[in-house]
Structure formats: C-alpha cells, structure tokens
Amino acid sequence: MRDNEWLYRGRLGRFVEELITPNLYGMTHELELRAWQVPGEPVPFADAVGQSYEPFAVGSKWGRGWSTMWLHVTGAVPADWVGEHHYEIVVDLGFRTQLEGGQAEGLAFRLDGSIIKAIEPFNRYLPVEDPGTVDFYLECAANPEVAVGGSWHPTPFSSKDTVPDETLYVLRRLDVAQRNLEVWELHQDIEVLAGLAEELPADLPRRAEIVVALNAAMDALDPRDVVGTAVEARAALAGVLSRPAYASAHRVLATGHAHIDSAWLWPVRETVRKCARTFANVIALTEEHPDLVFSCSSAQQYAWIKASYPELWERLKQKVAEGRFVPVGGMWVESDTNLPGSEALARQFIHGLGFFIREFGYEPTDVWLPDSFGYSGALPQVAAAAGSKYFLTQKMSWNETNVLPHHTFWWEGIDGTRVFTHLPPVDTYNSRLAASELAKAERQYAEQGHGTISLVPFGYGDGGGGPTREMVARAHRTANLEGSPKVRIGTAAEFFTEASAELPNPGTWSGEMYLETHRGTYTSQLRTKQGNRRSEHLLRAAELWATTAAVRAGLEYPTAELQQCWETVLLQQFHDILPGSSIAWVHREAEANYARVAGVLEGIIERSLAALTGTGDTLLAVNSAPVPLAGIAPFAVNEPAAPGEAIVTVEQQGGGWVVDTGVLRVVVDSEGLLPSVVHTLTGRELVADGQRFGLLQVHNDRPSMYEAWDIDAHIGRVVENLDKADSVRLVTCEPGLAEVETVRSIGLSTITTRLRFTAGSPAIDLDLDIDWHEQRRLLKLAFPTSIFTDRATSEIQFGHIQRPTYTNTSWDVARYETCAHRWVQVAEPGFGFAVANDSTYGHDIRRQYQGEPNSGDQSPGTTVRLSLIRGPMFPDPKTDQGRHHLRVSAVCGADIETSIAAGQRLNQPVREVRGAKPVAPIVTAEAPGVLVEAVKLAEDGSGDVVVRLYESLGARSVGQIRPGFDYREVQRTDLLERWTGDVTTSSVGAVTLAVRPFEIVTLRFLGVQ
C-alpha cells in the first residue's frame, strides 16, 4: 500500500523544522563586538577604521533607517575545535524573510581593507580565515523595508527627510559556530526530493518511491543524535537521488545571476554598496564551486566597483578573465526601452559595450533586459547595429491578459531586423532552482517537440544577493535526476549557441513587445521625464555644435564633459528611474542631476556657438534640429527669417472668440475650449460632432497594487470633465499672434492653459502651467477628432509604429495606454492630425462614436488623449506634487513629415545668440525622409566625424549626405564606429545612400580637415 502523503507532509515539515534546521550548526562561541554609528552618509573603510568604537552586544537595537553602523569583531575559535570541526562565523542582523534585497545587509573587511564577503538575509556566514585570531570589520547597512511586509502603501522611508527617529533592527546573532556538514547535505537532499515529489503526478510510481525514501530517511535519523545519524538518513535517499533523468527531459541551462536594480526602493548610493556585497559573495562562491558561472549586466555597476572598491575590482577582473564572472547585455544599465530617445538608446550600447571592451577585452553578444517594462520595436535594429545577436527578457510573463506564443523565437523590429530571442519559461530572473520552478520551465516551454532547452537565471535579486551554496547544491542534484529537467550550470552564450542550433527557424514576433501592465510608467514622475527629454536634446545640440566648432574653429572637443553627462543620463534611464517607480530620494536626486547636466551642456553650446559666430551684435537664430525650423536650415545659424504676410484675426463671438490664422479658423468658446477647428485650405472640420478640443479630464487612479507602475483599465469607467473655467481671457491680440488664457481648478489644484495661434501656422499650441496637488488621480488632455481611421501612428526611436484604434481582439483591448515620444498622428487618406508634446509619453488613442446608439446617425471618429500627470503615493508619497510646465501642439492637416517637424519644434526650439556671422550646416541630408540623429566626434579620440542618420517615413529612400568639411575617407560603421562597409561618394565628396524603411546608418568621416 502507498504511504499516506497527508501524514508524510506533516511529518516532513516537523522533521525539518525541529531536527534539521536547529542542527545545521552545533556549538557556538561568542565574539567581542565594538560599534561605531556613522553620523551621516556611508564612509569608506579607510575612514571607518580610525573611528572610536564603543562596546556592543548581541541583542542590542541598531540602525535608524538608511543609517550605517560599523562593527569591529574580534575573538578566536576555541582551540579544541581546530582540526576537529568545520566552523564559520554566523551573523543575523535582524533579518526578515520577505524582500531579501530590501532590508539590512553587511559587508565584511579584513584589517587591510580587502573584502571578505557580504552578509545577506539568506547568506549569513563568513569564513574563518585564521582560527587563532578573528579580527575584522563589518559594515552594517540599516536599509529599511520600504514595502513593509510586501505591501505597497505610502512609506516614510521614501525620503531621508521623513525617516522616523527609531531603530529598525536588533542584532540577533554574531558568533563562530560549528557547521554540521552532513546535516546540511541532508537538508539539501530533502529539499530537492520533497519539492520534486510535489511536482510529479500523484499516480506516478516515481512520486511514491520518493515519498517512501523520505519516510525511510526520517526513520533513520535518531532525534537524540541528529549529527551522528545524518549519514544513515542520507543513505536512505541515495537510491532515489541516483536515478537518471528521462532521455526526453527538458534541459535547463542555469546561470548565476543577481538582478540589482540600479535604484528602486533604495538610492543610487546604496546600489553601489549592493553591487560590492553581491560581487564579493559571487567571487567567494566561485572559489568554493569551480563550476559556478555568474552572468552580470550593466557596465555602470562594474564602473562603480572600479571607482569605489579597487581591491574587489582586481579580483573581479580575474574572474572575468577566467570566464567565471561573465558580462552580459552590453548596455550601460538595464534601461527602460520605451522612453529613452533614439540616440540615447544607441548610447546605452555604445557606452556599455565600450566599457566591457576597454576593461576586459570582452564583448557580449546578447541583450539582457529581464525586467524592463516592455520593449520598443526599434530595439532589434539598435541591438544588431551594436553587434548583438541575441535578446533575453522574462518580463513579458507579467502580461495581465495575453500570453506570447513563443519562448524562443525571432523578434523582428520595425525595419525588419531580427534578433534571436528567449523568454525563459521559468518566468523569473530570481530563481532559487526550486523543483517547482524547474517543473514550471519544463511545463510551459512553448517550443516543446521542436526545442529542448531553456535558460534559468538563478540567484537572489532586485536588491542583489546572487546565487547561494544552497542553489548550487540544487543544481548539482538535479543535473541528472529522474522526474526533473536536467540542470547544467553555464553561460548565457552557451545557451544561445545551443538553442539557435536546435531551432534554426523558430517563429517570429514582429514589432514592439507591449507589456500588458505597468502602463503608468509612461507618465509617473513628470519632472524626471522632463529632465530626461531636455537632457537628450541638449546632448544632441551640444555634440553638434562642439563638433562643428572643433572642425571649423579648432575648438577643443569637450570629450570628458560630454561623457560624464551621457553617463548620468544613461544611468537615469534605468528601468525604475525614468519610468518613475523609485522612492522620492531617487527622483529628487535625478532632478538635481538633470539640472547639473543642463548647466554643463548649455555651457558647451554657448562656447561652441561663440567660437563659430564670432564677436558681434547681429541677432542670429540657431537651429539644432535635423529639419528646417522658423526658416532656418537644419544645423545652421543664420539671421532670423522675416515674418510672413499672413496675419491672425480675432472676432468676438458670444462669450468667446473666432480666431483665423490664415490656415485655421478656430472657435474658442466661453469655457476656453474649442468646439470647432476648420482647416481652411481644405474646409475640413477637425472636431468631432458635439465635442471640443483641449478638454482636460480627470480619472480616479487607484491601481490594484503597483501604484507608480500601473494604470488599470477601470479608470476609463469614471471621468470628470473639466469643462468649466474659473476665467477665460484674450491676453494677446497682435497681427502675428493671438493667445487665450484659461484657468481651471480641481480640488487643490490649478491648471492654466494658454492657447497660442500663430499667423500662417496649422498648429494650435497649448502651454500648460499645472499646480498639482491631487493624489491618486490622473489628468488627461483630449482631442476628439472627426478623423476615422483604423490605426494611430506614434513616434518611437528611429521611426514610428502604428497601432489599432479599434478593439477587435484581446491584444487590442489590453493596449489601452501606449507610449509615444514627441508626436502621435491619426489620418485618413490625404488628411491627418498630429499632437506633439515636449514632456509627455503616455497616450490613449481610440475609436469614438457620436450620436445615439442604433440611431443610424452615429459619426465615427478618433479621440487622441495625452496622459499629462498622475499622483501615485507609492513608492514616493508626494509624486508629481507642485508646479509643472508642459507644451502641447495640435497640428491640423499633418502628414508624418509635418508631425516630425512639430515634435522637433517643441523639443529642439530655435535659440537666439548674438554674433558676427552665420554658420553653414556641418552636414546636410538630401534624401527624402532621411534625418540626421547625431553629429559627434569619434569615441576613440581620433578626431573623425561620426554622423548617424535614419529613414523616418517608413519608405525606401535614395539620396546624398553632404558633409560641410573636407575629409580623406568615409566608412559605414556599426554603432561602435567599427567598419562594416564602404560607401559611394561623388566628386564633390557627397555620400550616396540607399536606405530601407527605418534603417539606421552610421557614417565615419576620416581625415577631417
């Protein structure tokens, strides 16, 4: 008769709790402790070691939130233990069992300042290097549990300014203890087998066999002599542990990993320490386990170690050379991929791969983004242009509605570039290699029958920690175990090589990978998003004019300043900073960093333009954009264009006005809204019947769980229209310009909108000054148009993407909030409407109907809405509170080219300087739809000029690129500015190009004169 599993489970639980866990360690011996409480921010070891330390004892409270305590630990191992027992130092800083990366942590140092290893909630031991003299320092970080108990409520620990004046932790243990190795091994045997049994079908003989063996092991262990009889208990399990896996078992390549958020529920300064702790533990573990390899992304995190922990850096470099500590991903950080601009996304790879190549002579060929919040359709081409062949994420398993049909597949970008992609079916980047996780990977693997292998990143993550000896033990026991997938520790490169060999023609997913959750990250933390947008455009302008000044005026190129600015911006594009999902500390720091970056870049632009234009009083207009603006050619400096002949007329009508710009005839009603916008050149009415442009709408915004991250679908059910104004007045009425200012209030908030009508312009500009004091509410700006279309076009990096406006399928329904960059456009054949912005990413664009249902008199159209500002209360309780300024432009009759220009006008506006002479463009693109994205000097300091461009309209194009300088040779290169092919040039030095839709091209001009 089969053993009773109900009784077995109860017995096994008590067996582990009462006999195994208490006997993992035997006798203990106290150590002497002395403590120094750091009065402010953390200090390096060299500063801490010379401080005055006071006696401290186990059982004492310690650690106000975000504070640091240093312990000086001394003592010795009892003489009668030496040679007879295994022993180690065991530490419990007051750990909790949840959110292992979001609580207290420690880092142990030898007296010479070298690092021993770290102490983490599930990694609590230190080696005893000299049993006769225990003497080391332990840096203890009192990181608060921001998401208390796993909840997501407003927290006082979001900012240092609001931290309660109370201690968070009690030092529960710090002693030297005898380690009972055989009991520990027995514990690992039991965990693997008990977990496996739970995953096997109830009627499978293998399951019953394991249960019988576990019962036998429990019988064999004498409760009076656990240590002495652990060998017998293990012997009872040896048979079931030795049975080989099925020949057809799924194969798992397990790679050590520690997802370390570069900021999240902790500030960037704490991430630096988290990296040191995790990397020290990994290096120590590789010494114990020769087969362990560790995959680690984010060049920024390596750079922190190089700068702050030079001794650890040298050991890390050695492990990289051995192939044990493996750089992956090739990016500066694991960035968001929806929000960064075109050149910024490219620079993630340029700076990341550049660092790995310089420091290690190693170039990863994969993109490693397990936790970013959806993936831009531009990313495959950007990755391939950087030399990457593979892509990995698991975040798509978070979809709330739909499941991607593949785990291993080709991912095709908007230009047709494909990268070999893997979504680990284990659905986590923090695997413990538990039996339940391995079984899930096997069960869910979508390519069964065609492929046999998936990847499992294992190790504690989010807040770091990495793999542990227990995880390695599980990997060894499941290497060839009946009923389990076959686990092998290895590298991501090994996985991709094997997977691509056995699946040479997998399925294809085309376009963006839209994540059906975390839609609020397109809008949260407006100031952070504005700082990013401003910085990206300032960087572009600074590089353009610095390059022009270097080539034309011999001005020294500010390489170091630009690199520092780029690295700051790239860091803050991390997938919990730019998306707005970190604590207040992180975002206030990011805002200050953006201000510093702006100051540096404005200085570079000012110096460069001064060198180019000379000393003089002539007013000059500077166009840093790749399109003509205000009559100034792209990348040119010239005298401002004379005003056109068109004028604006304003007539009072009722309580409002009728404004005619010569291109538009707009009715502004008594509430400051626009019930009619007629494009006079075509006679087309843009506003849907009975609707009004410029309507502000407020939604209750209380997501089910992740406040800063999510906008849940239910917000659309209740909306408050701000259709009543506190005041409406005509503030400007000139021949070339009319402006109407409207003030509205909601709750404690005030929104001032200035409508701007410019003579001869098809655009209605809206300047919004928002004094926002609403929480858990979402403010949207609506344009209900008469345009009937089945798709909306949204700008993304290096092109645009089209998404349905209808909701035929569950995929369409789930895509109710989307990301766009500087513009969106909806169009019927021959006529379109665009909305450009200078601050906004979140949009929703949907089909709408006017008139009564079933009346036969419905007027279908399309409503374009921008998500302007939110007020989530976690992790930052004061998200978006205060004053904000945004600009929006509604452009009538806009095609894609006009939409692009509108986005450039708002984000790279013409600036004015005083000087003596104009400046001709350093490069000119004479090919339809081709835009120059970046002009810079080469990364290697050679003085070569690098020009990056792309096709922007989604069409093939042939034309010429004309440099405004002499050169010896021009090459086509990858993003890292390495030769990929020759190009054709004319007798006057122009480069002839033929490009496919959305293709990115990088040109390198050598021997510039």
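**Figure 1. Lining of the largest cavity in the predicted model.** Gly341, Ser342, Glu536, His537 and Glu933 lie nearest the centre of the largest cavity, which 18 residues line. A cavity is a set of points, on a 1 Å grid over the protein atoms alone, where a 1.4 Å probe fits but cannot get out, and lining residues have an atom within 4 Å of a point. α9 (342-360), α14 (526-553) and β47 each give two or more residues to this lining, and α14 provides the largest share, 6 residues. Helices (H or I, at least four residues) and strands (E, at least two) are DSSP runs numbered from the N terminus. The lining divides into 6 nonpolar, 4 polar and 8 charged residues; Ala, Val, Leu, Ile, Met, Phe, Trp, Tyr, Cys and Pro count as nonpolar, Asp, Glu, Lys and Arg as charged, and the others, Gly among them, as polar. The space in this cavity is about 220 Å³, where a volume is the space filled by probe spheres set on grid points joined across faces, edges and corners. Residues are numbered from 1 along each chain as its sequence is written, and side-chain values use heavy atoms, without hydrogens and water. Because this is a predicted model, local features need pLDDT of at least 70 and side-chain atom pairs count only at pLDDT 80 or more, whereas totals for chains, interfaces and linings use all residues.

**Figure 2. The second largest cavity.** This cavity has a volume of about 90 Å³. Its lining includes Ala792, Ser794, Arg803, Pro804, Asp844 and Arg846. Two or more lining residues come from each of β37 (791-796), β38 (799-804) and β42 (842-850), and the largest share, 3 residues, belongs to β42.

**Figure 3. The largest pocket.** A pocket is an open set of grid points with protein on both sides within 12 Å along at least five of seven lines. The largest one has a volume of about 1,100 Å³. Among its 42 lining residues, Pro628, Leu629, Ala630, Gly631 and Arg905 lie nearest the centre. The largest share of the lining, 6 residues, is supplied by α18. By class, the lining comprises 28 nonpolar, 9 polar and 5 charged residues.

**Figure 4. The second largest pocket.** The volume of this pocket is about 730 Å³. It is lined by 26 residues, and Leu24, Phe122, Arg124, His187 and Glu470 lie nearest its centre. Elements giving two or more residues to the lining are β6 (86-92), β12 (173-179), α3 (181-199) and α12 (469-477). The lining holds 11 nonpolar, 6 polar and 9 charged residues.

**Figure 5. Phe325 in the largest nonpolar core.** A nonpolar core is a set of buried Ala, Val, Leu, Ile, Met, Phe, Trp, Tyr and Cys residues joined through side-chain atoms within 4.5 Å; buried means under 20% relative accessible area (1.4 Å probe, protein chains only). Among the 154 residues of this core, Phe279, Phe325, Trp545 and Leu1003 touch the most other members. Leaving aside residues up to four places away in sequence, the contacts (heavy atoms within 4.5 Å) of Phe325 include Phe279, Phe294, Tyr302 and Lys319.

**Figure 6. Strand β26 and its two partners.** In β26 (residues 656-660), 4 of the 5 residues are buried. β26 pairs in the antiparallel sense with β25 (residues 649-653) over 5 bridges and with β27 (residues 664-668) over 4 bridges; two strands pair if DSSP finds at least two bridges between them. Gln652 stands opposite Trp657, and Val659 has Val666 as its bridge partner. Gly654, in the hairpin of β25 and β26, takes a positive phi near 60°, while Gly662, in the turn between β26 and β27, has a positive phi of about 90°.

Notes:
Buried means under 20% relative accessible area, exposed over 50%, partly exposed in between (1.4 Å probe, protein chains only).
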